[in-house]
Amino acid sequence: MVTVETLTILAGGAMTIALFSYLWRENLAFRIAEHAYIGAAAGYGVLISAEAAWRLLEPFLKAGLWYWYVTAVIGLLYLFFFLPKYFWLYRYPTGLVLGSGIGVLLARALKTQFLEQIRVTTIVTDVNSVLVAVGVICSLFYFYATMEHRGAFRYVSRIGICFLMAAFGVSFGATVMARISLLIGRLKFLYFTDPAYYLIPVAIALLIIGIVLDRRKKEQ
Amino acid sequence: MSLVVKRYIPHAVLVATAFFLAGDTLLLEKTYNDLATSGVKAISIIGSFAVLISITMLSRLHVRRIQRRRTVIESSVLLVCMWATMIWGLFRFAVQGVSPLKEFAVQQVFSGIVSPGDATIYSILAFFIAAAAYRAFRARSIEATILLGSGVIVMLGKAPIGEMIWGYFPVLTTWLTDVPNTAGVRTLILSGIIAVTALYVRIILGYERGWMGRGD
Amino acid sequence: MDVRYMYLLVMIVVSIPLLKPMGLPLGTISVETTRMYQYIDKLPSRSIIVMIADQSPAAAAECQPAMVANIQHAVNKGHRVLFYASRTDAVPFIDDAMKVVLGATSDHPNYGKLYVNLGYIPEGELGLKGLAADVFFTGRDAYGKDLRAMEFFRDLPKKDASDWGLIIYYGASSVDWVVRQITDVYGCKTAGGVAAVLVTRMYPYYPHSIIGFQTGLRGAAEYEVLVKRPGEAAAGMDAQSLSHLAIVIMIIVGNIGYYASRRKPSGGG
């Protein structure tokens, strides 16, 4: 019996295959799947945001603090983004949110991400920590742009580049690992979820038909 | 309307909010901290409304595309998925009190469209990375060789097969992540935070007005 | 050579070990994962572990097995777990993880006593700051139940983040904000079940602020071994191995071909 969950899995499988079809070439199925994803994600995001906002607002309204409706009114000012004549009203909620981000970050980031990082770098206990300290100092020299990199400065800067390149190489390896893990996740879904695996022969057949039609079109 | 209302008051709101919340972090005074927590709740509620911009922009763009007979099918699919999900979910939540988390249809939309869509789009990058690695990744200089070498060592060190090929791959990987990677990323964090602080100070002082968008 | 042949090769290389597992041993468990395991193991019973779900559906392939393994560990040790999502599309993953380990979500007998799901808290760092200052920040949980009526919160001395034993971040964006707002302010250490793309950014804070973390699918597989709950992560490691090897071989072959073509004398005379 076909249940809604079965249809959902089939939809997921179809979405996966349609999006993978981009690897062959861009096509209508890919574009439809892509647009369906964007629309559904936007709609879903609105629902979750609305539920979260209501959960925060409701206790104040239930306590009779009606002035909390002002937060919703200020939030609605975002819509003036689309009206050139009253665009300036959009700056109020933006100012509040941006200001909160600035205040929250500035108060702590200089300690956590600046002073603390410098403090930890100066704790030298073994060869590796010495190398880290040397690497940080040399890499910072590389970013120093107000002096020409000449003589000893140049060599220090080159050591810094080597450390940075090694870091980027590690980042590359980690990124490959992450993307392959994603691919493994998708293929596991396609291969092992009933009834998604029934879509695989359908996809292969469509691909073969597509390749044959492409070849005929080229010959013509 | 004067520049005071259009520019200076929004800027003052930004500065006041920034100092108010920075003060909450640095001062330990219960009344002030409680007021700040209420302020955080208010700003969280206000910030949630930002999604209205994305749905309005998507709707305008795709309705225009349909009107101009460009990408009619794709745009229609997008608009139907977006509005059907929102209308049904909001109806069930606002009128019937069913949370989107518990609403069956909404969860099926997430499981059947959003989740596979997001995961597949990013997983396609695996193919592009592999192709790019073969076609473009060349050890043309010392720096490129270091980058390539450390990437290869990390890829093999993090996979079980690497340890089977050579037992020192995981050891080298650990050293690479603990020493040069830490040094490099720490440098990026240090320089990044200086840049961000400079940017935020410029915003507070009013030199940076990009956040205000277009107009006067 | 048409690049699509390379895509096909990658697809074959990843598919074969999934369809026919090779059973490669996982190998040495990394220090970072071990330290995270030991930290959770040594926490006093009924310690509060906060789990931030920041994984998109894309990152969920790596973070979800890690989250499941960590919840299993917390259940085994009798710890309390407080979940919340910092992005809208991470909300269902909390429910999914709870169903895998506990078999239920809000209907579980220990829900409200040992496990609470706060749902989505907006505004990322600002929302975490609010939650850290007041654990009743949202008022209700994700299912609409009143937090003040729950046994979970009854014996908390300060009702803020200083009562927490550990905060674990799952996702792929950044962990700086968690360290900034929680570890440096309230002293509660941070851990991670992060996607591999983020792992390079964990090391500058490790081990003084971040006590340990799981690196992508490999880290999740390691944690599954440690809690003796083999799951999704362990099953994917064969495919991970073969695909990494294939990409390394492609890089080497590409470079050999490049240098060989540079050595060929140019035509003409």
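Here is a short tour of the structure, stop by stop.

Before you click, know that this is a predicted model, where local features need pLDDT of at least 70, side-chain atom pairs count only at pLDDT 80 or more, and totals for chains, interfaces and linings use all residues. Residues are numbered from 1 along each chain as its sequence is written, while chains are lettered from A and ligands numbered from 1 in the order in which they are written.

**Chains A and B.** Select both: 97 residues of chain A are in contact with 103 residues of chain B (contact means C-beta atoms, placed from the backbone, within 7 Å). Now colour α2 (28–62) of chain A, which gives the most to the side touching chain B, with 24 residues. (Helices are DSSP runs of H or I, at least four residues, and strands are runs of E, at least two, numbered from the N terminus.)

**B:Ala130.** Zoom in here next. Beyond its neighbours within four places in sequence, B:Ala130 is in contact with C:Met6, C:Val10, C:Ile247 and C:Met250.

**Into chain C.** Pick strand β3 (residues 115–120) of chain C: six of its six residues are buried, so the strand is largely enclosed by the rest of the structure. Look for C:Val81, standing opposite C:Tyr115 in β3(C).

**Last stop.** Show helix α4 (residues 91–102) of chain C as well: with β2(C) and β3(C), this helix makes a right-handed β-α-β unit. Right-handed means that, with the strands pointing away from you, the path from the first strand over the helix to the second runs clockwise.

Terms used. Contact = placed C-beta atoms within 7 Å. Buried ≥ 20, exposed ≤ 12 C-beta atoms within 10 Å, placed from the backbone. Pairing = 2+ DSSP bridges.
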